[in-house]
Amino acid sequence: MTSIRAAITGVGGYVPEYILTNQELETMVETTDEWITSRTGIKERRILKGENQGVSVLGIAAVKDMLAKTKIDPKEIDCVIFATVTADMTFPATANIVASAVGATNAFSFDMGAACSGFLYGLSAGASYIQSGMCKKVVVIGGDKMSAIMDYTDRTTCIIFGDGAGCVLLEPTTEDVGIVDSILKSDGAGETYLHMKAGGSRMPASRETVDKRQHFVYQEGSAVFKFAVTNMADVSAQLAGRNNLNADNINWLVPHQANKRIIDATAHRVGITEDKVMMNIERYGNTTAGTIPLLLWDYEKQLKKGDNLLLAAFGGGFTWGAVYVKWAYNS
Ligand SMILES: CC(C)(COP(=O)(O)OP(=O)(O)OC[C@H]1O[C@@H](n2cnc3c(N)ncnc32)[C@H](O)[C@@H]1OP(=O)(O)O)[C@@H](O)C(=O)NCCC(=O)NCCS
């Protein structure tokens, strides 16, 4: 029997128009363009402005972009997975809102909460639905409106994050392309270093939680940095090793865009030179679940059928993982 894999057959993306530059941040907190650039590699990030604008706005635009390019009928979509930590509301799932808005009226849909690794978790789940034969078309979205949970008085955190979303379409294939292998990991001990204290069921919103600024991301940057460098590099090396991937046959490293220094360390560990590392952190910052699909969106035209892509992420939870994708089409 020919084995079935899930192939990425389309990509979409969207970033909001407003550009928050390092220069503007210099007017908001005690920082400099030089510090931000040298410590993170970020020059600017996008911000979704306006009243009542949730992350669904980003996800809907990304899926519409993919639909326009692939020309598929949204009614054929079986499943929509939205990886995000900034859902429009605690419930219903933002994926439900997006599916309805794009006309995916025959799909079941749900959100995936794995922070910066969310897109890889979603990709792996979506690929399993395809491989099992349960679904023929799955849309996996990764996106966040990080500006909604950013404390713009906290210079150690607000300089990093931005807003944006990307998505992919997964379909079955019997060719030697598609999602080949993945390793996903998590460790709840990471809660201490990276979390948002209030707004969940443990500490519901109150006047006190607002006064104490507990509805914003709390991050111990240097601790997270150490875990990220080690785990993202380890899991990438492990996945590369068991699939006989190396500097010669990996065409692209597609790393989560948290900090250029973490990306460089991961590339170094798997022996990849900078020209094979996808990077857009300087323009978008860290869009959490959005970084990896936005990279695929930015680099789509450079990808060729059969290219070996190593996707890697690390984020809140802690969560981390790597996915080996053989690219399925020429643009
Ligand atoms: C947040 C991060 C950029 C900070 O860089 P760092 O090199 O670790 O810096 P530190 O936090 O050790 O701070 C070093 C100094 O810079 C200062 N500093 C922090 N933010 C600053 C800013 N925006 N501008 C100027 N100085 C700043 C600190 O106050 C500290 O000063 P001190 O030495 O006088 O105490 C980095 O730790 C990081 O990228 N962490 C991981 C992020 C991540 O991956 N997050 C989530 C997973 S997706």
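**Entry 1: Thr31 and the ligand**

I began with Thr31: one of its polar side-chain atoms sits 2.7 Å from a nitrogen atom of the ligand. I count a polar contact as a pair of N or O atoms within 3.5 Å. This is a predicted model, where local features need pLDDT of at least 70 and side-chain atom pairs count only at pLDDT 80 or more, while totals for chains, interfaces and linings use all residues. Residues are numbered from 1 along each chain as its sequence is written, and side-chain values use heavy atoms, with hydrogens and water left out.

Next I looked up Trp35, which has a polar side-chain atom 3.4 Å from a nitrogen atom of the ligand. For Arg155, I found an N or O atom of the side chain 2.9 Å from an oxygen atom of the ligand. On its own the ligand has 960 Å² of accessible area, and the protein covers 73% of that (Shrake-Rupley method, 1.4 Å probe).

**Entry 2: the shell**

Which residues come nearest to the ligand? Of the 23 around it, I noted Thr31, Arg39, Cys116, Gln219 and Asn259; "around" here asks for a heavy atom within 4 Å. I then sorted the shell by helix: H2, H6 (155-158), H8 (221-242) and H9 each supply at least two residues. H8 gives the most, with four residues. Helices here are DSSP runs (H or I, at least four residues) and strands are runs of E (at least two), numbered from the N terminus.

**Entry 3: where Thr31 sits**

I traced Thr31 to the loop between helix H1 (22-26) and helix H2 (33-40). Is Thr31 buried or exposed? Thr31 is buried, as its relative accessible area is 15% (buried is under 20%, exposed over 50%, partly exposed in between; 1.4 Å probe, protein chains only). Setting aside neighbours within four places in sequence, I found Thr31 in contact (heavy atoms within 4.5 Å) with Leu25, Glu26, Ile36 and Ile159.

**Entry 4: helix H2**

In H2, I marked Asp33, Ile36 and Thr40 as buried. They lie on the same side of H2 because they cover an arc of only 80° around the axis (taken from the directions from the helix axis to the C-beta atoms). Their cover includes H1, strand E3 (44-47), helix H9 (260-269) and helix H10 (281-284). Just after H2, I spotted Gly41 with a positive phi of about 85°.

How values were computed
Polar contact = N/O pair within 3.5 Å; in protein donor to acceptor, adjacent residues only side chain to side chain.
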